[in-house]
Amino acid sequence: MKRKRTTAAEAPPVRVVIVTLDNHLSRVVNRAERSLRRQIPGLTLTLHAAANWPASPEALEQCHADIATADIVLVTMLFMEDHINAVLPALSARRDDCDAMICCMSASEVMQLTRMGRFSMEGEPSGPIALLKRLRGSSGGSRKAPGAQQLSVLRQLPRILRFIPGTAQDVRAYFLAMQYYLAGSDDNLTNLVRFLINRYAAGEREPLRGTMEADA
C-alpha cells in the first residue's frame with residue numbers, strides 16, 4: 001500500500017525560534033524555512049533580533065509569544081543587559097518544556113539556560129564547562145589571534161567527543177550546532193535545524209527523531 005504523503009494540516013507543528021542580536025541572517029532563515037517545509041510540512045522557523053526591540057515593543061511582544069510555544073530555541077549574541085533582561089524571563093519559563101534550548105556566544109546568565117538532552121549548563125562545575133572556557137581564549141598577554149584559536153578548538157572538539165558515550169554526545173551536539181550557525185549559509189542553517197530536530201524532537205514530534213540526515 002502506498003503511503004499517503006503528510007500534509008501541513010496533518011503534520012505536527014515544529015516551532016524553531018532563533019533569538020539573536022540583529023537581522024543579518026533573516027533572509028537566510030526565510031530561505032531555510034521554505035526548504036525545510038518540503039521535508040517537515042509543520043515547521044515554522046522564526047528569527048527575532050534584539051536590535052529591533054527598543055523601537056518596536058510589538059517585535060518584543062511577538063518574540064515572547066514565539067518563545068512561549070517554541071519546541072527548539074536557539075539563542076546567540078545576547079550580551080547587552082537591556083537585551084538580556086527583555087527575554088530572560090521568557091526563556092527561563094520555556095526552558096524545561098521545550099525539546100531543546102541552545103544558548104551560545106552570549107552572557108553567562110543566558111548560556112546557563114542551555115538544555116540539550118542530558119547536557120545542561122546549569123550547575124556544571126567542570127567537564128563541558130571547562131571545554132567551553134577554552135573558547136573564550138586566554139586572558140593573559142598572548143597576542144595570538146583569539147578568533148583563530150577559538151575556531152580551531154570548536155572544530156576539534158566534536159571529533160574528540162564523538163568517541164565518549166553519555167552526556168558527551170549532547171555536548172558534542174552543542175558544539176556542532178555552533179559550527180552550523182557560525183557558518184551562516186542557507187545549507188548550514190537548514191542542516192542545523194535538521195540536526196536538532198533529528199536528535200531532540202519530543203512529544204508529538206518524536207516520530208521525526210532519527211528520520212532525517214544533516215550534512216556536515
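**A loop residue, then the helix packing**

Modeller: Met105 is found in the loop between strand S4 (100-104) and helix H4 (108-111), where helices (H or I, at least four residues) and strands (E, at least two) are DSSP runs numbered from the N terminus. Phi of Met105 is near 50°, which is a positive value in a residue other than glycine. Met77, also not a glycine, has a positive phi of about 60°, and it lies in the loop between strand S3 (72-76) and helix H3 (81-94). Met77 counts as partly exposed because its relative accessible area is 33%, given that buried means under 20%, exposed over 50% and partly exposed in between, with a 1.4 Å probe and protein chains only.

Before going further, please bear in mind that this is a predicted model, in which local features need pLDDT of at least 70 and side-chain atom pairs count only at pLDDT 80 or more, while totals for chains, interfaces and linings use all residues. Residues are numbered from 1 along each chain as its sequence is written, and side-chain values use heavy atoms, with hydrogens and water left out.

As for the setting, the chain has eight helices and six strands, and from the N terminus on its elements run β-α-β-α-β-α-β-α-β-β-α-α-α-α. Buried residues make up 46% of the 216 residues in the chain.

The part I would look at closely is helix H8 (residues 186-200), whose axis comes within 9 Å of that of helix H1 (residues 26-37) and crosses it at roughly 55°; axes here are lines fitted to C-alpha atoms, for helices over the stretch in contact, and angles run from 0 to 180 degrees between N-to-C directions. H1 and H8 are therefore oblique to each other, since angles under 35 degrees count as roughly parallel, over 145 as roughly antiparallel, 65 to 115 as roughly perpendicular and the rest as oblique. On the H1 side the contact (heavy atoms within 4.5 Å) is made by Val28, Val29, Arg31, Ala32, Ser35 and Leu36, and on the H8 side by Asp186, Leu189, Thr190, Val193 and Arg194. By class, the residues of this contact of H1 with H8 are six nonpolar, two polar and three charged, where Ala, Val, Leu, Ile, Met, Phe, Trp, Tyr, Cys and Pro count as nonpolar, Asp, Glu, Lys and Arg as charged, and the others, Gly among them, as polar.

Leu189 counts as buried because its relative accessibility is 3%. Leaving aside neighbours within four places in sequence, Leu189 is in contact with Ile18, Val28, Val29, Ala32 and Tyr181.

Helix H7 (residues 167-183) also packs against H8, the axes coming within 8 Å and crossing at roughly 160°. That makes H7 roughly antiparallel to H8, and the crossing of H7 and H8 is left-handed. Among the residues that make the contact are Ala173, Leu176, Ala177 and Tyr181 of H7, and Leu189, Leu192, Phe195 and Leu196 of H8. The contact of H7 with H8 has eleven nonpolar, three polar and two charged residues.

Methods
Left-handed = near helix turned anticlockwise from the far one by under 90°.
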